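Look at the model below with the sequence beside it. The text after it goes through a few places, one at a time.

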Amino acid sequence: MNLKQSRILLLALLLALGMVLAACGSSDDASTDSDSGSDNEDTEETDTSSDDGSSEGTSSSNSDFSVAMVTDVGGVDDKSFNQSAWEGLKQFGDDNGYEEGKGYTYLQSNEATDYAPNLNRLVQQGYNLIYGIGYKLHDDIENVAKQNPDTHFSIVDDVVEQPNVASITFKEHQGSFLVGVAAAKKTQTDKIGFVGGVDGFLINKFEAGFVAGAKSVNPDIEVEVQYAGGFDQPAKGKSIASNMYNSGIDIIYHASGGTGVGVFNQAKDIKQSNPDENVWVIGVDRDQYEEGQVGDSNVTFTSMIKRVDIAVADVAEQAMNGEFPGGEQIAYGLSDDAVSVAETNEEAYTDEIKEAVKEWKDKITSGEVEVPQDRDELETYVNNL
């Protein structure tokens, strides 16, 4: 096990322990009162002067470090990507004796025009490390980072080539491949669906991996793909899911943030009105088993878990310890256990499916199978099956 894997495993254990010991709910309002200092990466000493004064409410050894994040439009209660990032940041704060608003916080973005003002606001408040959650913040992170070279930034799900920006990426195509394998083993109709948020390079990785995994099991399986046009469109997600289920699709994998709430709602509505009908949802980013609960049943078949929480906590720990990976791209994947498949629904996710997924995981991590990341690579992959 390498150093990166050991660090991720330790963080995973700490996050799991923290969530058991403390029932930490999502904050309803972003904290705006920061008592933090400004980081100077050229010296070992940290300049703690800022408009807000010195840090309070943090452990004495880390009192000169502070971290914050700017959400995408989904918000910290999107049951998916932003929420996972916030959970990681909260746990980092708890582990280091910080209080929300005094050592760590977030600012909510309701639309794209909020990104730059939110980033600049956190810079002005003196936060040492500022996250942009989601690839849509790319341009604003790049611009604000150029203007503030002494502040550390990190972007999740994209790459910004600046010396004071750490780029966190994931091998989502690998995990999506595995849930595609699971879906192909589970479907009773040989018709499955994919609902994406925005049709672009990132979500295309989920799509390509999912289709490749399913067709690796059954080349003749039908996979319908639709995009909602946004990550905050639950009504659109519900409508797409309704049409898919009505067409005979029995499993839908969503990679659509808050839009996926609508996919779950449609599946639950169907299950509620007809308990004998088998319709399933594959969740994304975090284990979405709870989102699928309907009476005594659960429509969540599995989830493609992307440990954004671990990545956020990992980079924050490095920055706090003076080892900020500025200018680097850190890619988390199956071999790091930062991308995985949930096995929570033991009744639906059978031992046979587990074994099939494990076999394909071994093929991917060994290098025997190279998972496609876009539609062109997918076409080549499928043609070679």
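The model is a predicted one.

Start with the pair of helices. Two packed helices are described by the angle between their axes and the distance between the axes. Here the pair is helix α3, residues 115-124, and helix α4, residues 138-147. Their axes come within 9 Å and cross at roughly 30°. Angles under 35 degrees count as roughly parallel, so α3 is roughly parallel to α4. The crossing of α3 and α4 is right-handed.

Which residues in α3 and α4 meet? From α3 come Tyr115, Ala116, Leu119, Asn120 and Val123, and from α4 come Asp140, Ile141, Val144 and Gln147. Of the residues in this contact of α3 with α4, six are nonpolar, two are polar and one is charged.

Next, find Phe264 in helix α8, which covers residues 260-273. Is Phe264 buried or exposed? Its relative accessibility is 3%, and buried means under 20%, so Phe264 counts as buried. Leaving out residues up to four places away in sequence, Phe264 touches His254, Val281, Gly283, Gln288, Glu291, Gly292, Val299 and Thr300. One of these can be followed along the chain: Gln288 is 24 residues apart from Phe264, and the C-alpha atoms of Phe264 and Gln288 are separated by 9.6 Å.

The last stop is Asp309, in helix α9, which spans residues 308-320. Asp309 has a relative accessible area of 5% and is therefore buried. The side chain of Asp309 makes a polar contact, at 2.9 Å, with the side chain of Arg307.

Note on methods:
Residues are numbered from 1 along each chain as its sequence is written. This is a predicted model: local features need pLDDT of at least 70, side-chain atom pairs count only at pLDDT 80 or more; totals for chains, interfaces and linings use all residues. Side-chain values use heavy atoms; hydrogens and water are left out. Helices (H or I, at least four residues) and strands (E, at least two) are DSSP runs, numbered from the N terminus. Buried means under 20% relative accessible area, exposed over 50%, partly exposed in between (1.4 Å probe, protein chains only). A polar contact is a pair of N or O atoms within 3.5 Å; within protein, one must be able to donate a hydrogen and the other to accept it, and residues adjacent in sequence count only if both atoms are side-chain atoms. Axes are lines fitted to C-alpha atoms, for helices over the stretch in contact, and angles run from 0 to 180 degrees between N-to-C directions. Angles under 35 degrees count as roughly parallel, over 145 as roughly antiparallel, 65 to 115 as roughly perpendicular and the rest as oblique. A crossing is left-handed if the near helix is turned anticlockwise from the far one by less than a right angle, and right-handed if clockwise. Contact means heavy atoms within 4.5 Å. Ala, Val, Leu, Ile, Met, Phe, Trp, Tyr, Cys and Pro count as nonpolar, Asp, Glu, Lys and Arg as charged, and the others, Gly among them, as polar.
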